[in-house]
Amino acid sequence: MEYTVLGRTGATVSRIGFGGATLGLTNYVEAFDPYDARDRARMFEAIEVALEGGINLYDTAPGYGAGASEEVLGEALRGVTESGGHPLFLSTKVGLGAAHDVRASLEASLSRLQRPSLDLLQIHGDSYTTEQTDQILGPDGMAEQLLALKEDGLVRHVGFTTEDNNDSVYRLLRSGVFDSIQLCYNVLYQHPYDPNRPFGSLFEAEKHGLGTMTMRTTTSGTFQRWIQQVNPDNTFDYAAALIQFVLSNPLVDVALVGMRDAERVRLNLLTADDLAGRISIDELHQRYV
């Protein structure tokens, strides 16, 4: 397993992180029930293989199935302190709907995760409006509450997630509050990184020293569904190529990937070890010979 340092957190983490959305969301991408005994058994086996393979970063959220994802990880990771010789790095989120009491949201998450504290707590957002950002950074806002939890030792680092590339994202990056950003970046959604300008939130995150994690690394099945429509007979598994595209970006620390079964974890571990499969993103964007 390849490891890196997650920005100014200073934590050593695996380049592939275990994304928790697929552990809790019913029928997400494929037929699935987090409370079905057979599906649960598959998830526990997948997490066990991930730990054996050296994946030490696990990301979840209370919004993934009303706490179901956190419950699964809490049970599967009970008593686990490291993977691949590195300390376990566990992160969850707090939704904008809990802005009035971030501490209460965290305490509920800690109970489900069976942990006294966490490595990272992130604001769970998609597209932040100017008004929401004002509230986050204002008096008694989420940023202030997150820093208080950090001071109390309940979380070691704080961050935010986003699927946008607007002015609010840049304000949050420049605020000095956050240690990491989790953003939507893959072969279809490349808005955080345009090397031709250069422009994008990945550049801004690098400038301010934030750790970077990508969500929807394999496009949540969108790319595959498109290929199936234009080429119904296609049987190629694009997952490895999609992961390699993200891992090839020099500004990406961790590619989060949702994995529900052990075989998919094994395949993704092989991809992570295939350093020869990386490409030059900048050369890919060149137009002239």
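Is Thr9 buried or exposed? With a relative accessibility of 10%, Thr9 counts as buried (buried means under 20% relative accessible area, exposed over 50%, and partly exposed in between, using a 1.4 Å probe and protein chains only).

## Ground rules

This is a predicted model, so local features need pLDDT of at least 70 and side-chain atom pairs count only at pLDDT 80 or more, while totals for chains, interfaces and linings use all residues. Residues are numbered from 1 along each chain as its sequence is written, and side-chain values use heavy atoms, with hydrogens and water left out.

Helices (H or I, at least four residues) and strands (E, at least two) are DSSP runs, numbered from the N terminus. A polar atom of the Thr9 side chain lies 3.1 Å from the backbone nitrogen of Ala11. Polar contacts here are pairs of N or O atoms within 3.5 Å; within protein, one must be able to donate a hydrogen and the other to accept it, and residues adjacent in sequence count only if both atoms are side-chain atoms. Leaving aside residues up to four places away in sequence, Thr9 touches His157 and Asp179 (contact means heavy atoms within 4.5 Å).

Thr161, in strand S9, is buried with a relative accessible area of 1%. Its side chain reaches the backbone oxygen of Gly125 at 3.0 Å. Again not counting residues up to four places away in sequence, the residues that Thr161 touches include Lys93, Gln122, His124, Tyr128, Gln182 and Met215.

## The nonpolar cores

The largest nonpolar core has 63 residues, and those with the most contacts inside it are Phe18, Ile47, Tyr58, Phe160, Phe178 and Tyr185. Helix H2 (residues 37-52) gives the largest share of this core, six residues. There's also a second, separate core of nine residues, with Leu6, Leu57, Met213 and Val254 among them. A core in this sense is a set of buried Ala, Val, Leu, Ile, Met, Phe, Trp, Tyr and Cys residues joined through side-chain atoms within 4.5 Å.

Helix H6 (residues 142-151) has Met142, Ala143, Gln145, Leu146 and Leu149 as its buried residues. Looking down the axis of H6, these fall within an arc of 165°, so they line one face of the helix; the arc is that of the directions from the helix axis to the C-beta atoms. Their cover includes strand S7 (89-95), helix H4 (102-113), strand S8 (118-124), helix H5 (130-137) and strand S9 (155-162). Just after H6, Gly153 takes a positive phi of about 80°.

H5 and H6 pack at an angle of about 35°, with their axes 4 Å apart. Axes are lines fitted to C-alpha atoms, for helices over the stretch in contact, and angles run from 0 to 180 degrees between N-to-C directions. On the H5 side the contact is made by Gln135, Ile136 and Leu137, and on the H6 side by Met142, Ala143 and Glu144.

In helix H3 (residues 68-76), the buried residues include Ala68, Glu70, Val72 and Leu73. H2, S7 and H4 are among the elements that cover the buried residues of H3.

Most residues other than glycine have a negative phi, and most peptide bonds are trans. Gln114, in the loop between H4 and S8, has a positive phi near 60° and is partly exposed at 40% relative accessible area. Arg216, in the loop between S11 and H9, has a positive phi near 55° and is partly exposed at 29%. As for cis bonds, one joins Arg197 and Pro198, with omega about -10°.

Asn234 is in the loop between H9 and H10 and counts as buried at 18% relative accessibility. The Asn234 side chain reaches the backbone nitrogen of Phe236 at 3.3 Å.
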